[in-house]
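This briefing is meant to be read with the sequence and the 3D view side by side. Please locate each residue in the view as it is mentioned, and take the topics in the order given.

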Amino acid sequence: EPERCDLDTYLMVLSAEFYRSSNGERLVTLQPFPSYHREWAIAIYKTENGLLITRIAFRRSLSSEMFPGPSGTRKMPSQCMKIAQAAGVNRTVLSVPKDTAERLVDELAKTDLTLDKCVRSNDGGCMYVMDARRYELQIGRSPLIQLTDVSAFHGLRSENPALSHWIHELLEAADTFP
């Protein structure tokens, strides 16, 4: 059977747009999973004019076209790449005050990026949350950091509470809520 478009292909297609630098040196990219709608990310760029926070969003949902459901025909990876190219992206520079953007970058630089192996309950036990948003964060060219958003769950602590708090501050500053 020929190779079919799968989750790895989908993530590769998203990364090709979200992690591509177009406004200067990309410092940070934050992407939520699942996005539930059109796929999007927030990126912070360092430019000669200062920091820019940009929202990058596909013009239409890729997942619904790449994965048409049980009755649909599974696509080849090359077809998935064409779907993404045809969808295109909008890049919107957000009106985040300069001091807020600088504070966010400074706070991230001071944040310990060490992750616990799991989400923890109040008693310290590992919890595996199935119905939660996950965030994928890339700082510069470092390896991707994946973090579970447990803000909607009482009594759970994320794999890195300080980093989780920073992500929510970025989303609030960018006025982009999941």
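With a relative accessible area of 12%, Q138 is buried in this predicted model, because buried means under 20%.

**Contacts of Q138**

- The side chain of Q138 is joined to the side chain of R26 by a polar contact of 3.4 Å.
- A polar atom of the Q138 side chain also lies 2.9 Å from the backbone oxygen of S142.

**Strand 7 and its partners**

- Strands of a sheet pair through backbone hydrogen bonds, and this pairing is either parallel or antiparallel.
- Strand 7 pairs with strand 1 (residues 25-33) in the antiparallel sense, and this pairing runs over 6 bridges.
- Within that pairing, Y135 in strand 7 is the bridge partner of P32.
- Strand 7 is also joined to strand 8 by 4 bridges, and these two strands run antiparallel.
- Here Y135 stands opposite L147, a residue of strand 8.
- Strand 7 and strand 8 form a hairpin with 5 residues between them, and in the turn G140 has a positive phi of about 60 degrees.

**The largest pocket**

- Rolling a probe the size of a water molecule over the atoms shows where empty space is left.
- The largest pocket holds about 350 Å³ of space.
- Its lining is made up of 20 residues, and those that lie nearest the centre of the pocket are V129, A132, R134, Q146 and T148.
- Helix 1 (7-18), strand 7 (134-139) and strand 8 (145-148) are the elements that give two or more residues to this lining.
- Strand 7 provides the largest share of the lining, namely 3 residues.
- Sorted by class, the lining has 13 nonpolar residues, 5 charged residues and 2 polar residues.

**Aromatic pairs**

- How many aromatic pairs does the structure hold? There are 2 aromatic pairs in the structure.
- In one of them, the ring centres of Y10 and F67 are 5.8 Å apart and the planes stand at 70 degrees, so this pair is edge-to-face.
- This pair links distant parts of the chain, since Y10 belongs to helix 1 whereas F67 sits in the loop between helix 2 (63-66) and helix 3 (77-87), 57 residues apart.
- Y10 counts as buried, at 9% relative accessibility, while F67 is partly exposed, with a relative accessible area of 33%.
- In the pair of F18 and F58, the ring centres lie 5.5 Å apart and the planes are at 70 degrees, so this pair is edge-to-face.
- Because F18 lies in helix 1 and F58 in strand 3 (residues 50-58), the pair ties together parts that are 40 residues apart in sequence.
- F18 and F58 are both buried.

- In what order do the strands of the open sheet lie? This sheet of 3 strands has the order 6-5-9, and its pairing is antiparallel.
- Strand 6 (126-127) and strand 9 (156-157) are the edge strands, each of which pairs on one side only.
- Strand 5 (residues 119-121) pairs with strand 6 in the antiparallel sense over 2 bridges.
- R120 has C126, in strand 6, as its bridge partner.

Conventions. Residues are numbered from 1 along each chain as its sequence is written. This is a predicted model: local features need pLDDT of at least 70, side-chain atom pairs count only at pLDDT 80 or more; totals for chains, interfaces and linings use all residues. Side-chain values use heavy atoms; hydrogens and water are left out. On a 1 Å grid over the protein atoms alone, a cavity is a set of points where a 1.4 Å probe fits but cannot get out, and a pocket is an open set with protein on both sides within 12 Å along at least five of seven lines; lining residues have an atom within 4 Å of a point. Grid points are joined across faces, edges and corners, and a volume is the space filled by probe spheres set on the points. Ala, Val, Leu, Ile, Met, Phe, Trp, Tyr, Cys and Pro count as nonpolar, Asp, Glu, Lys and Arg as charged, and the others, Gly among them, as polar. Two strands pair if DSSP finds at least two bridges between them. Rings of Phe, Tyr and Trp (its six-membered ring) pair if their centres lie within 6.5 Å; planes under 30 degrees apart count as stacked, over 60 as edge-to-face and the rest as tilted. Buried means under 20% relative accessible area, exposed over 50%, partly exposed in between (1.4 Å probe, protein chains only). A polar contact is a pair of N or O atoms within 3.5 Å; within protein, one must be able to donate a hydrogen and the other to accept it, and residues adjacent in sequence count only if both atoms are side-chain atoms.
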